[in-house]
Each structure stands twice: as structure tokens, then as C-alpha cells.
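Colleague: I would like to learn how to read a model like this one. Could we go through it feature by feature?

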Amino acid sequence: MSHICVKAVVSGKVQGVGFRFHTAHEGLKLSLSGYARNESDGTVTVLMCGEEKNVEALLAWLDKGPPTANVTGLIHEHVDWQAIDGFSIQ
């Protein structure tokens, strides 16, 4: 099992709709650590670290988001491993 960290930027109607809360909930369900943070340009940045298959599962979920959101774009990149406790909302 390989452990990876991926940083994603999600665009669309993703602020003010509970996106960060739902993302943190999904991340914790998948035993991932990281954060979900609103950005000034209206996007949400998500850092997720853990088992590769679980990171991929959260990426797939981010592509749709919760029912309250309307995701129109998702870009992501692998980043260096970061040891983070839990999944925070920033």
C-alpha cells in the first residue's frame, strides 16, 4: 500500500454550500488526513493524504461533490508527503 498526498482545486458553486464540511466527512470516512480551504477566487483547495486508493476515491467524490454543490472543474497534482492529523476545515 503506497501512501500519497494530492492537492486538488475544485471550482464551480463550491462555497457557501457545505462543500468543505462534506469533504472533511468523506475524507475521514476514507481514513485520509488533510484539509479543505476556501480560496478568495471562489474555489476550494483540498489536500488529501493517505492510501492511494482512498485518495483516488476522494478525488472521484470531489468531481461531483455533495448534492448542494455544482462542480465545474477539478485539477489536482501530487505533492510531497505531509504528516497531518485529522481532516480540518480551514
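**Reading the fold**

Modeller: Begin with the order of elements: along the sequence, the protein chain runs β-α-β-β-α-β-β. This is a predicted model.

Colleague: How many helices and strands does the protein chain have?

Modeller: The chain has 2 helices and 5 strands.

Colleague: How do I read the radius of gyration of the protein chain?

Modeller: Compare the value with that of a compact globule. For 90 residues such a globule would have a radius near 12 Å, and the protein chain has 12 Å, so the two agree.

Colleague: Which aromatic rings form a pair?

Modeller: Rings count as a pair if their centres lie within 6.5 Å. A search of the whole structure finds 1 aromatic pair. Phe-19 and Trp-61 form it, with 6.0 Å centre to centre and 40° between the planes, which is tilted. Phe-19 belongs to helix H1 and Trp-61 to helix H2, 42 residues apart, and the pair links distant parts of the chain.

Colleague: Is Phe-19 buried or exposed?

Modeller: Buried means under 20% relative accessible area. Phe-19 has 1% relative accessibility, so Phe-19 counts as buried.

Colleague: Where does Ser-33 lie, and what is Ser-33 in contact with?

Modeller: Ser-33 lies in strand E2, residues 33-38. Its relative accessible area is 10%, so Ser-33 is buried. Leaving aside neighbours within four places in sequence, its contacts include Leu-47, Cys-49 and Ile-84. A polar atom of the Ser-33 side chain lies 3.3 Å from the backbone oxygen of Ile-84.

Colleague: What share of the residues is buried?

Modeller: Buried residues make up 41% of the 90 in the protein chain.

Definitions and conventions. Residues numbered from 1 in each chain as written. Predicted model: local features only at pLDDT ≥ 70, side-chain atom pairs only at ≥ 80, totals over all residues. Heavy atoms only, no water. Phe/Tyr/Trp six-rings, centres within 6.5 Å; stacked < 30°, edge-to-face > 60°. Helix = DSSP H or I, 4+ residues; strand = E, 2+ residues; numbered from the N terminus. Buried < 20%, exposed > 50% of the residue type's maximum accessible area, 1.4 Å probe, protein only. Polar contact = N/O pair within 3.5 Å; in protein donor to acceptor, adjacent residues only side chain to side chain. Contact = heavy atoms within 4.5 Å. Rg over C-alpha atoms; globule rule 2.2 N^0.38 Å.
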